[in-house]
Amino acid sequence: MSANLPEQISNYLSRFTVGIAGCGGLGSNCAVALARCGVGKLIIADFDIVTSRNLNRQYYFHDQIGRLKVHALRENILRINPGVTVKAFDMKLCVSDVVELFAGCDVIVEAFDKAEMKHMIIETVHLQLPGKYLVTGIGMAGWGNSDLIHCRNSGKLIVCGDEVSEVSDTLPVLAPRVGVVANMQANEVLSILLKDFKPEAGDVTNH
Amino acid sequence: MKPAMKIMLNNREETFEAVQMTISELLAAKNFTFKMLVVKVNAELVRRHEYDKKVVNEGDDVMVLHLITGG
């Protein structure tokens, strides 16, 4: 009897590596979604520590305040799916780090906070890792306006978000909207990784 | 008839009264004044120092992405 479809998908995804650049609201939620689906290896990078103000949207727990995000996230991922290999890098990524850490990834997820960093990774991947898929999250501050959140692509650059809602003193980033965009990024990663996936024919006579 | 070109700009068809224009001219015509931009023409990245040289022609597919903080 063949494995059921979610198991088949998980088995298939176990061969892939996804890089996650930033472990805040986008990165932590996206990484967890990918781990639940069974992506085999996640390379996560961030320099920050968990604070109480992160808990309104990021995939951390109150008892993890003060810990490095990459260590806390690795722990949370492994509690969900111990079969995932998590490589955690405690560092603020620069151009050469992006190339070095993510060159072996099938897909890279841009999950930075700052616009400058988003710009850096988009340019770096286009110029130094051409042909690599990059899934970015752009515009998710505030609440409501679910219908503004969309996804579009240009070549292997995929953009998820509303592209207009910038974080500010009057427009915070909150769990629902950042979660929508983070999971949309994970969904785009799956559509890339599963494009050649063929479910095994089920054996209808022998259950 | 005035010369014109049709391009796809951010997935929408747009017509301009010129047979071609540079990225700088296109950004000015659309009043895209943001500082932090990514521009792609037919999926090729165009860097800032190329904005005055890179020409957009009839039928081109142009992405202008405004990068904003939040994540």
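**Entry 1: a salt bridge in chain A**

I began with A:Glu163 and A:Arg152, whose side chains meet in a salt bridge with an N to O distance of 2.8 Å. I kept in mind that this is a predicted model. The pair links distant parts of the chain: A:Arg152 belongs to strand β6 (residues 150-154) of chain A, while A:Glu163 lies in the loop between β7 (157-161) and α6 of chain A, eleven residues apart. Are the two residues buried or exposed? I found both A:Glu163 and A:Arg152 to be buried.

**Entry 2: other charged pairs**

I then looked up the total, and the structure holds eight salt bridges over all chains. A reminder to myself: side chains of opposite charge can pair when their charged atoms come close.

Next I turned to A:Glu110, which forms a salt bridge with A:Lys118, with 3.1 Å between the closest N and O atoms. Both A:Glu110 and A:Lys118 are buried.

In chain B I noted a salt bridge between B:Lys30 and B:Glu14, where the closest N and O atoms are 3.0 Å apart. This pair also links distant parts of the chain, with B:Glu14 in strand β2 of chain B and B:Lys30 in the loop between α1 (23-29) and β4 of chain B, 16 residues apart. B:Glu14 has 18% relative accessibility, so it counts as buried, because the cut-off for buried is under 20%. B:Lys30 has 27% relative accessibility and therefore counts as partly exposed.

**Entry 3: where the chains meet**

How many residues of chain A are in contact with chain B? I found 31 residues of chain A in contact with 18 residues of chain B. The area buried between chain A and chain B is about 2100 Å², and carbon and sulfur atoms give 62% of it. On the chain A side, A:His119, A:Arg152 and A:Ser154 lose the most area to chain B, together 26% of what that side buries. I was pleased to meet A:Arg152 again, the partner of A:Glu163 from my opening entry.

The count of salt bridges between chain A and chain B is one. B:Arg47 forms a salt bridge with A:Glu123, and the closest N and O atoms are 3.5 Å apart.

**Entry 4: the sheet in chain B**

I followed the strands next. Five strands of chain B form an open sheet with mixed pairing, in the order β2-β1-β7-β4-β5. Which strands are at the edges? They are β2 (12-16) and β5 (44-46) of chain B, each pairing on one side only. Neighbouring strands of this sheet are turned by 35° against each other on average, direction ignored.

Helix α5 (residues 115-128) of chain A packs on this sheet and touches β4 (37-41), β5 and β7 of chain B. The direction of the helix makes about 30° with that of β4(B).

Strand β1 (residues 5-9) of chain B pairs with β7 (residues 61-66) of chain B in the parallel sense over two bridges. B:Leu9 stands opposite B:Val62, and the bridge partner of B:Met8 is B:Asp61. With β4(B), β7(B) pairs in the antiparallel sense over five bridges; B:Lys40 has B:Met63 as its bridge partner. Five of the six residues of β7(B) are buried, so I wrote this strand down as mostly covered.

**Entry 5: B:Met36**

I picked B:Met36, found in the loop between α1 and β4 of chain B. Its relative accessibility is 16%, so B:Met36 counts as buried. Leaving out residues up to four places away in sequence, B:Met36 touches A:Ala115, A:Glu116, A:His119, B:Leu65, B:His66 and B:Leu67. B:Met36 and B:Leu67 are 31 residues apart in sequence, yet their C-alpha atoms are 5.5 Å apart in space.

**Entry 6: the nonpolar cores**

I closed with the cores. The largest nonpolar core has 45 residues, of which A:Val18, A:Leu34, A:Leu42 and A:Ile77 touch the most other members. Its largest share, nine residues, comes from helix α6 (residues 175-193) of chain A. A second, separate core has 28 residues, including A:Leu93, A:Cys105, B:Leu45 and B:Leu67.

Terms used
Residues numbered from 1 in each chain as written. Chains lettered and ligands numbered in written order. Predicted model: local features only at pLDDT ≥ 70, side-chain atom pairs only at ≥ 80, totals over all residues. Heavy atoms only, no water. Pairing = 2+ DSSP bridges. Helix = DSSP H or I, 4+ residues; strand = E, 2+ residues; numbered from the N terminus. Axes fitted to C-alpha atoms, helices over the stretch in contact; angles between N-to-C directions. Contact = heavy atoms within 4.5 Å. Buried < 20%, exposed > 50% of the residue type's maximum accessible area, 1.4 Å probe, protein only. Core = buried A, V, L, I, M, F, W, Y, C linked by side-chain atoms within 4.5 Å. Buried area = accessible area lost by both parts, 1.4 Å probe. Salt bridge = Lys/Arg side-chain N within 4 Å of Asp/Glu carboxyl O.
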